[in-house]
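Colleague: Please take one part of this model and go through it closely, and then set it in its wider surroundings. I would like the cut-offs behind each term as you go.

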Amino acid sequence: MRVVVADDTMLTREGVVRLLRDAGIEVVAEAEDAQGLLHQVRLAHPDVALVDIRMPPTHTDEGLVAAQAIRAEHPQVGVLVLSQYVEPSYALRLLQEQPERVGYLLKERVFDIATVVDALRRIVDGETVIDPTIVSRLVGRRRREDPLAGLSEREREVLGLIAEGMSNRAIAARLYVTERTVEAHTTQIFQKLRLPESPDQHRRVLAVLAFLRA
Amino acid sequence: MTADLIRRGNLARLAAGPVALAVGLGALAIAQGPGRSTTYAGRSNLIATLTVAAGLALVGAGLVTAFDRRTTRIGDLAVLAGLVWFASVWVGWDNGPSLMRSLAMLAAGFTFPLLLHLALAYPSGRLRGAVPRALVSVVYLEAAIATLGRALFRDPFFDPNCWANCTDNLFLVRSLPRLARGIEVADRWFTAAAAAALVMVLGWRLLRDSWPARRALLPVALPAILLAVTVIAHTIALQRTPLEDPSDPAFGAIFLIECVGVLLLAAGLVWAAVRTRVQRRAVARIATSLGQAPPPGSLQAALANAVGDPELQVTYWLRDAEHYVDAIGRPVAEPVAEAGRAVTTLLRDGRRIAVVSHTAALPELERELGAAVRLALENERLQAEALAQLDQLRASRVRIVETGDSERRRLERDLHDGAQQRLLALSYDLRLAHTQAASDGDAPTGSLLTDAIGQAKAALGELRDLAHGIYPAILAEAGLAPALASLADAAPLPVLIHDAAERRYPAVVETCAYLLVAEGLDDAAQRDASHATVTVVQDSGQLVVTVKDDGTDRTAAMVQLADRVGALDGGLAVEPTRLRAELPCG
């Protein structure tokens, strides 16, 4: 898998690159700002770009803007945004702008380099990735009349994994159950929450996230 | 008053009345007797009455005008012009005393110079500007030379065009009929030219001046222009018919219009005097009309109303701040005098309190303002000073809040870009070391490093929360609505947000609204509320933010919030289970 890494802080960029290389990922280029990133993507034709959300000049959402530009220009290139913000708004924005082949992970996930590698793989496979911390914040959100109260423990777990962007097969593997069981859970959940079930996985993620935020 | 009257000038003015009456009645007698064919007044009783009335009116108006100390010069000029006006009748006293006729002949030459002087010096009595000064000097000089030449060399007997007085000149030294004729013609054309110049100067003034100044000038300027036109017409008529003849309709009409002009001039002077008197009373009464606690600016309005100058402006001098402000404390430029506008500095106990910019037609406002008005001015100045200080205070409060906010923002960035990045880099190294230890089979180091990674993770989490608490980046980047949604995501109690304000607002307003909601939710959770409702609505220039909950009654006063809202000039209502802030948002 060929990856481009963009981060304006050399220290962290090098750390990420070393960890990725250590895990057997081919880092084909590095960039320190959004413009450099777009340039490298054009040159190197990577599978995924790993992008820091904060980059010059404003140090706010350059990563999100760059992600959109990459996805628009190179639909075959996925984007994984690394962020220090536990902000569902940012994750939702990323998904709403480009629902496919994108991911939003917190920076400290890089400690578990396996998680990052898995996320990169899933993105290359066309899936969506949302950080579990963000999903758990949304699932754990206080509600007056909690619609999630009607869900069983297992169903909640499955709902969270759906929100993280996992496919039924991935969920089945994670929970050590059959894919059929996961499908059954999914149908239950969508009926209980009165959500329209969609075969499109990205729409499924977006629908669940939006529901959790409402 | 008595002391004033004893002064010579006033004695002379006192005598002017009876003298004018005598001279006027004499003129009437001459017109109806010996001067029937040698004066215009002798043409008919009506014209005789008009002639005498015009002269007497001018003298009377002059006396009324001179009574006001600020316009004595104008009054004196009018009295003199009125007296000299009768000279043209006295010249025609057929078979009268030679000295009288000779003197009257000389005096008659000064009627026009006096009227011109009066018109140009009105209303202050002083000649302002080089052109009017030069014009008046030259006209007097020419009149003096022409009169001298007439006295010394004109023998009426040898004047083929003589009509009013063909016999008497007591001052004749040598009869030079041709020189005398030349002097007459030159004098006539010079006077016509001066009259044209007068029309131009007055016309230019009327065009240039602001409305209040123009209104003050018109009652004198218009009759003066009319009189100047008759002078020009008379010169032209004489050019056509060298022998002046009162029975000629053209000459008769010109004289009639001249009488009307003088009457109008007298009426204008009286009207102006009365108006000034009324204005002075009004100015003096301003203080009583203001009432107990006049709102800022009422003094300017009252003063403008009293002097009939809607453009009048009162500005106050702030000694400490060393600049001028208007009545509500806003800084304004120093008022300066310009065309048609004058500036009066008002003092109280020797200190500058206010500067009034007003029409130049109101020459000495300073003297008109009584002690009561000065006190009112001082009061309004103090009020303006207080308002100016309040404005400054307000601006400084906003600045303090804004500085604090931008400091928080900077701190948040520093944490993210500095400490957090270093901690991340450190953690990555730990991770690498851990992998190394694992591949080396060094279990104790591996578990130590796992602990260290755990600690670093916890530190990162805390750092992130700290940075978010100092300043939520999403607020600056995405605005109030996403930031509030994020607040609700992590709130310790269910929060319902009704947010109708989708647009961006000034950073200081967004931060204030955000902090209000954040503190309101924390407070609600502490008072065991089961849920809270946040409403954000924009209502004509105000962002109204409400946080309502169902907890127990509030005990905290929310002082810091109130300070912050107050700094934005907004209002915060702290109720037992509701916070409501109105934030001006432009």
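Modeller: In helix H8 of chain A, residues 168-175, the buried residues are A:Asn168, A:Ile171 and A:Ala172. Because they cover an arc of only 100° around the axis, they lie on the same side of H8(A). This is a predicted model, in which local features need pLDDT of at least 70 and side-chain atom pairs count only at pLDDT 80 or more, whereas totals for chains, interfaces and linings use all residues. Residues are numbered from 1 along each chain as its sequence is written, and chains are lettered from A and ligands numbered from 1 in the order in which they are written.

As to the terms, a residue is buried if 20 or more other C-beta atoms, placed from the backbone, lie within 10 Å of its own, exposed if 12 or fewer do, and partly exposed in between. Helices (H or I, at least four residues) and strands (E, at least two) are DSSP runs numbered from the N terminus, and the arc is that of the directions from the helix axis to the C-beta atoms.

The cover over the buried residues of H8(A) includes helix H7 (153-163) and helix H9 (179-192) of chain A, where contact is taken as C-beta atoms, placed from the backbone, within 7 Å. Just after H8(A), A:Tyr176 has a positive phi of about 55°.

Helix H2 of chain A, residues 34-44, can be read in the same terms, its buried residues being A:Ala34, A:Leu37 and A:Val41. Seen down the axis of H2(A), these fall within an arc of 55°, so they line one face of the helix, while A:Arg42 and A:Leu43 are exposed on the other side. What covers the buried residues of H2(A) includes strands E1 (2-6), E2 (26-31) and E3 (48-52) together with helix H3 (62-73), in chain A. Just after H2(A), A:His45 takes a positive phi of about 45°.

Turning to the wider packing, a nonpolar core is a set of buried Ala, Val, Leu, Ile, Met, Phe, Trp, Tyr and Cys residues joined through C-beta atoms within 7 Å. The largest has 108 residues, and those with the most contacts inside it are A:Ala49, A:Val51, A:Leu80, A:Val81, A:Ala163, B:Ala513 and B:Leu583. Its largest share, 9 residues, comes from helix H18 (residues 507-526) of chain B. Apart from that core lies another, of 75 residues, including B:Ile30 and B:Leu114.

The contact between the chains takes 28 residues from chain A and 32 residues from chain B. On the side of chain A that touches chain B, the elements giving two or more residues are helix H1 (10-22), helix H4 (88-97) and helix H6 (132-139) of chain A, with the largest share, 7 residues, coming from H1(A). That side divides into 9 nonpolar, 7 polar and 12 charged residues, where Ala, Val, Leu, Ile, Met, Phe, Trp, Tyr, Cys and Pro count as nonpolar, Asp, Glu, Lys and Arg as charged, and the others, Gly among them, as polar.

On confidence, the predictor gives the complex an ipTM of 0.86 and a pTM of 0.61. Chain B has a mean pLDDT of 88, and 97% of its residues reach 70 or more, pLDDT being the predictor's confidence in each residue, from 0 to 100. Where pLDDT is low, the predicted coordinates should not be read in detail.

How values were computed
Two residues are in contact if their C-beta atoms, placed from the backbone, lie within 7 Å.
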